[in-house]
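Reader: I am new to this structure and would like to go through it slowly, one question at a time. Could we begin by looking at it together?

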Amino acid sequence: MPEADYTLDATGLLCPEPLMIVRNKVREMATGEVLHVIATDPSTGRDFHNFCRFMGHRLLEESSADGKFAFWIEKG
């Protein structure tokens, strides 16, 4: 797992809330910093892949276990 500068807990939130919160947090971050996101909404995988692709960020890693999804996003 990549080293994260910030962690955001979006468990229990449904689309589009996790994406909106991540988008706002990434705006505050410096280029190269990493955000670790924990979510329970299965659509976050699709949302974060598209977000990174369209906004020029990198999805470094993702994992899932016990109904939770984890993502590491590096600001581009």
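Reader: In which loop is D66 found?

Author: This is a predicted model, in which local features need pLDDT of at least 70, side-chain atom pairs count only at pLDDT 80 or more, and totals for chains, interfaces and linings use all residues. Residues are numbered from 1 along each chain as its sequence is written, and side-chain values use heavy atoms, with hydrogens and water left out. Helices (H or I, at least four residues) and strands (E, at least two) are DSSP runs, numbered from the N terminus. On that numbering, D66 is in the loop between β3 and β4.

Reader: Is D66 buried or exposed?

Author: Buried stands for under 20% relative accessible area and exposed for over 50%, with partly exposed in between (1.4 Å probe, protein chains only). D66, which has a positive phi of about 55° although it is not a glycine, has a relative accessible area of 82%, and therefore counts as exposed.

Reader: What pattern does the chain follow along the sequence?

Author: The chain holds 2 helices and 4 strands. Read along the sequence, their pattern is β-α-β-α-β-β.

Reader: Which residues touch the most other members of the largest nonpolar core?

Author: A nonpolar core is a set of buried Ala, Val, Leu, Ile, Met, Phe, Trp, Tyr and Cys residues joined through side-chain atoms within 4.5 Å. The largest one has 13 residues, and the elements that give two or more residues to it are β1 (6-10), α1 (17-28), β2 (34-39), α2 (44-55) and β4 (68-74). The members that touch the most others are V22, V26, L35, V37, F48 and I73.

Reader: Which residues are in contact with V22, leaving aside its neighbours within four places in sequence?

Author: Contact means heavy atoms within 4.5 Å. With those neighbours set aside, the residues in contact with V22 are L8, L35, V37, F48, F51 and I73.

Reader: How far from D41 is the nearest side chain of opposite charge?

Author: D41 has its place in the loop between β2 and α2, and a polar atom of its side chain lies 2.7 Å from the backbone nitrogen of C15. Lys and Arg count as positive and Asp and Glu as negative, while His and the chain ends are not counted; a salt bridge is a side-chain nitrogen of Lys or Arg within 4 Å of a carboxyl oxygen of Asp or Glu. D41 is buried yet has no salt bridge, and the nearest side chain of opposite charge, that of R46, is at 7.1 Å.

Reader: What is omega for the peptide bond from C15 to P16?

Author: P16 lies in the loop between β1 and α1. The peptide bond that leads from C15 to P16 is cis, and its omega is near 10°.

Reader: Which backbone nitrogen does the side chain of H57 reach?

Author: H57 lies in the loop between α2 and β3 (58-65), and counts as buried because its relative accessibility is 13%. Beyond four places in sequence, H57 is in contact with V26, F51, C52, I73, E74, K75 and G76. At 2.9 Å, the side chain of H57 reaches the backbone nitrogen of G76.

Terms used:
Polar contact = N/O pair within 3.5 Å; in protein donor to acceptor, adjacent residues only side chain to side chain.
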